[in-house]
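Please read them with the sequence and the coordinates open.

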Amino acid sequence: MDSLAEALLANADPEALERQDVPDEYLAAHLRATDVGMFDEVDDKDVRKSLHIGRVPMPRIAPDEVLVAVMASSINYNTVWSATFEPVPTFEFLKRNARQGGFAARHDLPHHVVGSDAAGVVVRVGDGVRRWRVGDHVVVSCVQVDEEEPATHADAMLGAEQRIWGFETNFGGLAHYAVVRASQLLPKPGHLTWEEAAGNLLTAATSYRMLVSDRGARVKQGDIVLIWGATGGLGAFAVQMVKNAGGIPIGVVGSESRADVLRRLGCDVVINRNDIGLGGDAPLTPEKTIELGKRLGREIRRQVGEDPHIVFDYIGRATFGISVFVVRKGGTVVTCGSSTGYDHHFDNRYLWMNLKRIIGSHAANLQEQAECNRLFRLGRIAPTLSEVYPLSETAEAARLVQQNRHIGKVGVLCMAPETGLGVTDPELRARLGEARINPLRNLRGAPGADETAGPAVTRGREA
Ligand SMILES: NC(=O)c1ccc[n+]([C@@H]2O[C@H](COP(=O)([O-])OP(=O)(O)OC[C@H]3O[C@@H](n4cnc5c(N)ncnc54)[C@H](OP(=O)(O)O)[C@@H]3O)[C@@H](O)[C@H]2O)c1
């Protein structure tokens, strides 16, 4: 372990942290450019074969950046995309980024350090950074923007140079150190441990923009909201946000064990998609889409009495046509992804004749991220962490998500030597109680799988 890390783990003060040298190399989960193409013609693109753990050179920080010692991170689905080199190898993004020149040229390397969530400690700040200091405890928004672009000031997500950190940029969060722009930082909720804080922002803020923000579906009291994959990374936060807004969440899940988890999260209405024949990832014919849409619509009316106002979709090809069919007249389908394929089909008659809307949404700007982070800081939204892996087993953690065998979020301990560290507001933690802070801990829920995660939960010291 390097001397800066040792000082951090010994709770050294900011001056002592500044006195320690930044190491020349650091441990990171990364992809290799030489592996691109390894999955051509391969059916099971097993991310354990492409995700490497090893030392990489430490980059220099730009004047508007900070170096964060990453205590914990989490697996997002974008790491599955990166590690399968689909739909395009992320090395293409790094090259495009580097074409801007200057500090951006650093990103184009033969390795890509991935990961788009982190909780940790600021250990260096660039000369132009105003709001953050060495020693600050932070969580990192995945949205990197160019504040010199006019569009960024209307909505940061509209900037042409907006990038997802650790996916479209290098130096991501699944590592001992990460390089981030100062405009990605937010204060870490003090009552959460490192791993609880690290699993939230990317998916929670994405759900927040999709459902709550003026740019999203603007859920309100009494709205019925259909949520696909309701125990997944996005879905388990969406359920909580609909409840907070006074809406009625209808959660769709793929197994009975997940249905139980969803009830535990307080979801009003639970549908096991297998019960109504909504199973596979295969593309649906137009006729099948309407047949399944009618079946789902009947089930929703049976349980709630009305059609949904909003459908929360990121499943893509396997569900999107059904979502457009099933949402009520004047209702909204909001989408941020396409796990089962991005070539969607829907019957446009149901859209225009019924004055429905489709909203495309992507991540969240810093204001939306801050509003979402505030909900965590107030204890109004709970982390959905189910299990935690050491950095050395990042590939196993990503494999779990790739195979849809996880619940909520899967955490990764980076520099933190064990779980349970990083709490600076024990009073709030005690007031909220462990059960409220960790509603999904130690659960797993793939069809037919054990419900308890057991061996994956770490307490050991990370190498
Ligand atoms: N644009 C953005 O800003 C943004 C941000 C975050 C995520 N995303 C994208 O959103 C997607 C989901 O991310 P996530 O973190 O929530 O992933 P996740 O944790 O893997 O959750 C995905 C959920 O999808 C459901 N699912 C899988 N196959 C299905 C099928 N055939 N039909 C219906 N449901 C199915 C699963 O639930 P059941 O099996 O229980 O039904 C699972 O819980 C990914 O494609 C990701 O890249 C986009």
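1. Asp46 is buried at 8% relative accessibility; buried means under 20% relative accessible area, exposed over 50%, and partly exposed in between, with a 1.4 Å probe and protein chains only. Its salt-bridge partner is Arg399, at 3.6 Å from N to O, where a salt bridge is a side-chain nitrogen of Lys or Arg within 4 Å of a carboxyl oxygen of Asp or Glu. Arg399 is in helix 14 and Asp46 is in the loop between strand 1 (25–32) and strand 2 (52–57), 353 residues apart. Helices (H or I, at least four residues) and strands (E, at least two) are DSSP runs, numbered from the N terminus. Arg399 is buried as well, with a relative accessible area of 4%.

2. The model is a predicted one, in which local features need pLDDT of at least 70, side-chain atom pairs count only at pLDDT 80 or more, and totals for chains, interfaces and linings use all residues. Residues are numbered from 1 along each chain as its sequence is written, and side-chain values use heavy atoms, with hydrogens and water left out.

3. A salt bridge also pairs Glu396 with Arg48, with 3.6 Å between the closest N and O atoms. Because Glu396 belongs to helix 14 and Arg48 to the loop between strand 1 and strand 2, this pair ties together parts 348 residues apart in sequence. Glu396 is partly exposed at a relative accessible area of 35%, and Arg48 is partly exposed at 36% relative accessibility.

4. Elsewhere, Asp268 and Lys243 form a salt bridge, their closest N and O atoms being 2.9 Å apart. Asp268 sits in the loop between helix 9 (256–264) and strand 13 (269–272) and Lys243 in helix 8 (residues 235–244), so the parts tied together are 25 residues apart in sequence. Both ends are partly exposed: Asp268 has a relative accessible area of 44% and Lys243 one of 36%. As for networks, salt bridges with shared partners join Asp44, Asp46, Arg48, Glu396 and Arg399 into one. The structure holds 28 salt bridges.

5. How is the chain divided? Domain 1 covers 3–200 + 383–437 and domain 2 covers 211–360, with bounds from an automatic or database domain assignment. Their centres, taken over C-alpha atoms, are 30 Å apart. The contact (heavy atoms within 4.5 Å) takes 14 residues from domain 1 and 13 residues from domain 2.

6. The two domains bury about 940 Å² between them, 55% of it on carbon and sulfur atoms; buried area is the accessible area (1.4 Å probe) that two parts lose on being put together, summed over both. On the side of domain 1, Thr384, Asn404 and Ile407 lose the most area to domain 2, together 40% of what that side buries. Asn404 lies in the loop between helix 14 (394–402) and strand 18 (409–413) and is partly exposed, at 33% relative accessible area.

7. Which charged pairing links the domains? One salt bridge is counted between domain 1 and domain 2. Asp155 and Arg215 meet through their side chains in a salt bridge of 3.1 Å, N to O.

8. Helix 7 (residues 201–211) is largely enclosed by the rest of the structure, because eleven of its eleven residues are buried. Among them are Thr206, Tyr208 and Arg209.

9. Some backbone geometry deserves a check. Most residues other than glycine have a negative phi, and most peptide bonds are trans. Glu86 and Pro87 are joined by a cis peptide bond, with omega about -10 degrees; Pro87 is in the loop between helix 3 (77–84) and helix 4 (90–98). Phe85 lies in the loop between helix 3 and helix 4 and has a positive phi of about 60 degrees although it is not a glycine. Phe85 is buried, at 7% relative accessible area.

10. Asn11 also has a positive phi, near 60 degrees, and is not a glycine. Asn11 is located in the loop between helix 1 (3–9) and helix 2 (14–19). Is Asn11 buried or exposed? At 69% relative accessibility, Asn11 counts as exposed.
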